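Welcome! Please take a moment to look over the chain shown here before reading on.

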Amino acid sequence: MFFSIVSINIHFLTLSGTFPEHPRPSKSSTPAVLKQSARWQVSKELYQTESNYVDILTTVMQLFKLPLEKEDQVGGPILAQEEIKTIFGSIPEIYDVHTRIKADLEVLVMDWSEDKSVGDIILKYSKDLVKAYPPFVNFFEMSKDTIVRCEKQKPRFHAFLKINQSKPECGRQKLVELLIRPVQRLPSVALLLNGRLHHTHCSHLTATC
């Protein structure tokens, strides 16, 4: 069920971010003026939100998942491997694809011209996104329930969460609150790119207006 929703979101992102070539700016155009365009501003905002999102995924990986998977833990493993897998699911795959998207968006924004397309980047990674998201989002409630159950039943995991959730990287958010971000990400990108549509004339869209 959710697979189709993710596919629809990816399809919308591709349509709303893809535009045919605009006439290239004349040599008299200055970078300062060019980069103030509404399309550049929206692209820059997308890059900034993507960067923040990758930071959150990095925190999940480095503060929680990797330490829990560490071998030779004093007193034995804090959680069983199956519990770790249930909690984090496809987070590594989501982290990997968004790290690459962030790098491409940075190049797009830093070397901007009006014929550049965010949609090309989304399309480039659409298969990876469709593959990575459903396994996590479909089982998010199970992930959340596993965290709650393990925190109640396993004192060492409770202590682990208390210590790591208090670190500044978490921004006063609990692990469950950090893990809900992938559930929210694709719809938020769709809304942002929808804003980009408002700055692109109908005749410039590849999709039918």
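The report below starts with the whole chain and then visits a few places in it.

**The chain as a whole**

What you see is a predicted model. The chain holds eleven helices and zero strands, so if you follow the elements from the N terminus, you read α-α-α-α-α-α-α-α-α-α-α. Of the 209 residues in the chain, 43% are buried. The accessible surface comes to about 11,600 Å², and carbon and sulfur atoms account for 59% of that surface. Contacts also reach across the sequence: among those between residues at least 6 apart, 85% join residues at least 24 apart.

**Where two helices meet**

Two packed helices are described by the angle between their axes and by the distance between the axes. Helix H8 covers residues 140-153 and helix H9 covers residues 155-165. They pack at an angle of about 115 degrees, and their axes are 5 Å apart. Angles from 65 to 115 degrees count as roughly perpendicular, and H8 and H9 are therefore roughly perpendicular to each other. On the H8 side, the contact is made by Ile147, Cys150, Glu151 and Gln153. On the H9 side, Pro155, Phe157, His158 and Leu161 take part. The residues of this contact divide into five nonpolar, two polar and one charged.

**A buried glutamate**

Now find glutamate 83, which sits in helix H4 (residues 81-88). Is glutamate 83 buried or exposed? Its relative accessibility is 12%, and buried means under 20%, so glutamate 83 counts as buried. Which residues does glutamate 83 contact, leaving aside its neighbours within four places in sequence? They are Thr146, Arg149, Cys150 and Lys154. Cys150 is also one of the H8 residues in the contact with H9.

**A serine in a loop**

The last stop is serine 117, in the loop between helix H5 (91-110) and helix H6 (118-124). Serine 117 counts as buried because its relative accessibility is 5%. A polar atom of its side chain lies within reach of two backbone nitrogens, as the table lists.

| Side chain | Backbone nitrogen | Distance |
|---|---|---|
| Serine 117 | Glycine 119 | 3.1 Å |
| Serine 117 | Aspartate 120 | 3.2 Å |

To recap, serine 117 is a buried residue in the loop between H5 and H6, while glutamate 83 is a buried residue in helix H4.

Key
Residues numbered from 1 in each chain as written. Predicted model: local features only at pLDDT ≥ 70, side-chain atom pairs only at ≥ 80, totals over all residues. Heavy atoms only, no water. Helix = DSSP H or I, 4+ residues; strand = E, 2+ residues; numbered from the N terminus. Buried < 20%, exposed > 50% of the residue type's maximum accessible area, 1.4 Å probe, protein only. Contact = heavy atoms within 4.5 Å. Areas by Shrake-Rupley, 256 points an atom, 1.4 Å probe, with all protein chains shown as cover. Polar contact = N/O pair within 3.5 Å; in protein donor to acceptor, adjacent residues only side chain to side chain. Axes fitted to C-alpha atoms, helices over the stretch in contact; angles between N-to-C directions. Parallel < 35°, antiparallel > 145°, perpendicular 65-115°, else oblique. Nonpolar A, V, L, I, M, F, W, Y, C, P; charged D, E, K, R; others polar.
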